[in-house]
Structure formats: C-alpha cells, structure tokens
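Please keep the sequence and the model side by side as you read these notes. The points below go from ring to ring, then to strands, then to the core.

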Amino acid sequence: QVQLLESGGDLVQSGESLRLSCAASGNIYRILTMAWYRQAPGKQRELVATVSSGDSTNYADSVKGRFTISRDNAKNTVNLQMNSLKPEDTAVYYCNTEVWLLSGPRRVYWGQGTQVTVSS
C-alpha cells in the first residue's frame, strides 16, 4: 500500500559526506514520524535519527553533531545529511515511516535499505 524508495548510499572515505533520501508513495493520507535506522554486519539494527510530523528531531548519541535529518511534507520525503563520516558509520541504512493510510489504519513501513561504506 505504501512504497519507500531510498537512494544516496555509496562508498566514501572517512571525513566525507553523503546525503540519503527516501520517498514515500502510495495510499497515504498523512505521514507521521519518519526515521532512519542502520544495521552493520553482525550487529542489531539501531535507530539513527527521527523527525516528527511537527519537525521535532532526535539523534543517536553516536551521530549527534554530524548527521541532520529533515523532511519535506509536500513531497513525502525524508533526508539524512551525513557529514564527517567515520568507518563505524558503515552499515545498511533503512528508511522507516509511520503512515496514516487513506483507508484509515496507521501502519509502519520500511525501505529496502541502502549501503553506506566508509573507508579509513
């Protein structure tokens, strides 16, 4: 009912920047919280950043001051600007959104993931 399309993952060197984007489409009445998670090899998926429908943001301690999450409600997109990347940021990054569907229910959706690799 809702599709999330992520883009922006790449291989970069330590200290460089990347911008991830996620576009939601489908049976959407309203998008509520939007978030980015990441999962490194052999580790559990962890929350990176969230942005509420009111533009309140929260960040994992490990990315505070380096990453910025933002959303464009008109385009149903969420972005993650990642600066000063470190090798420990290497992971598959997943977009996550809570959507209020046109048909009534609220559902949580995940993107397919985009690989970010930071070399030292």
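1. A search of the whole structure, which is a predicted model, finds three aromatic pairs, where rings of Phe, Tyr and Trp (its six-membered ring) count as a pair if their centres lie within 6.5 Å, and where planes under 30 degrees apart are called stacked, over 60 edge-to-face and the rest tilted. One of them joins Tyr94 and Trp110, whose ring centres are 6.5 Å apart and whose planes stand at 80°, so this pair is edge-to-face. The pair links distant parts of the chain, since Tyr94 belongs to strand 9 and Trp110 to strand 10 (residues 106–110), 16 residues apart; strands here are DSSP runs of E with at least two residues, numbered from the N terminus.

2. Together with Tyr37, they form one aromatic cluster.

3. Arg45 deserves a look beside these rings, as Arg45 lies over the face of Tyr94, at 3.7 Å from the ring centre, and also over the face of Trp110, at 4.6 Å from the ring centre. A charge sits over a ring if NZ of Lys or CZ of Arg is within 6 Å of the ring centre and within 35 degrees of the ring normal.

4. Strand 4 (residues 28–39) runs antiparallel to strand 9 (residues 91–101) and is joined to it by nine bridges, with Gln39 having Val92 as its bridge partner; two strands pair if DSSP finds at least two bridges between them. Strand 4 also runs antiparallel to strand 5 (residues 46–51), through five bridges, and these two form a hairpin with six residues between them, in whose turn Gly42 has a positive phi of about 75°.

5. On method, residues are numbered from 1 along each chain as its sequence is written, and side-chain values use heavy atoms, with hydrogens and water left out. Local features need pLDDT of at least 70 and side-chain atom pairs count only at pLDDT 80 or more, while totals for chains, interfaces and linings use all residues.

Methods. Helices (H or I, at least four residues) and strands (E, at least two) are DSSP runs, numbered from the N terminus.
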